[in-house]
Amino acid sequence: MPVSTKGWNNGIRILCFIGISLSIYALYVEVSKKHNPNYVALCDVSEHMSCSNVLNSSFSTGFGIFSKDSMLNQPNSLFGIIFYSTFFLLSYLNFKIVSKLLIILAVVSNISSVYFACILIFILKDFCLVCVSTYFVNVGLLFCSIYKTKILDIESKKSKIKSK
């Protein structure tokens, strides 16, 4: 049975779709709560398990590091939509250099997941179901990207052997 990137690409695309959906929902919750302080999101389960609290904290824009007057002080969920959309589009390119770029992007997203998880646990002392779900999506993207790259390496080696 020939090895193919199709399954890993499909996995990446499904995970990106989930990531985009979660990011859109996070943006919706953030905007809704700002316009209506009485808004209760589906992910608001209890006082310490509330995505509304997290998504309206000072850490929910500009990664919690950019000043309010910075052009990068946008909702993190907006960056998520851009990230997952870019990752989705790049998954259609089956080149080793692109797959290595996907690994780098996935590593960066996992580092940011650890950063935000630490903020959730140690600073906000809250649990955000939407946020934690994106952390799992990011781990999945890293896994799929690594295996896609391995398959492209195998295919590259096979084509070099055939050309000799």
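Where is the place of phenylalanine 63? Phenylalanine 63 is found in the loop between α2 and α3, where helices (H or I, at least four residues) and strands (E, at least two) are DSSP runs numbered from the N terminus.

The structure is a predicted model, in which local features need pLDDT of at least 70, side-chain atom pairs count only at pLDDT 80 or more, and totals for chains, interfaces and linings use all residues. Residues are numbered from 1 along each chain as its sequence is written, and side-chain values use heavy atoms, with hydrogens and water left out.

**Overall architecture**

The protein chain contains five helices and two strands, arranged along the sequence as α-β-β-α-α-α-α. Its C-alpha atoms fill a box of roughly 70 × 35 × 25 Å along the principal axes. Of the 164 residues in the protein chain, 41% are buried; buried means under 20% relative accessible area, exposed over 50%, and partly exposed in between (1.4 Å probe, protein chains only).

An unreviewed UniProt entry places the feature "domain: Vitamin K epoxide reductase" at residues 5–149; such positions follow the numbering used here, feature names are shortened, and annotations may be inferred rather than shown by experiment. Over residues 5–149 the chain is 69% helix and 3% strand, with the end C-alpha atoms 8 Å apart.

**The nonpolar core**

A nonpolar core is a set of buried Ala, Val, Leu, Ile, Met, Phe, Trp, Tyr and Cys residues joined through side-chain atoms within 4.5 Å. The largest such core has 32 residues, and Cys51, Phe87 and Leu141 have the most contacts inside it. At least two residues of this core come from each of α1 (6–35), α2, α3, α4 (96–124) and α5 (129–163). Leucine 141 touches residues including Ile12, Phe83 and Ala106, not counting residues up to four places away in sequence; contact means heavy atoms within 4.5 Å.

**Loop residues**

Phenylalanine 63 has a positive phi near 60°, although this residue is not glycine. Lysine 125, in the loop between α4 and α5, also is not a glycine and has a positive phi of about 50°. Isoleucine 65 lies in the loop between α2 (51–55) and α3 (76–90). The relative accessible areas of these loop residues are as follows.

| Residue | Relative accessible area | Class |
|---|---|---|
| Phenylalanine 63 | 28% | partly exposed |
| Isoleucine 65 | 60% | exposed |
| Lysine 125 | 54% | exposed |

Isoleucine 65 counts as exposed because its relative accessibility is 60%.
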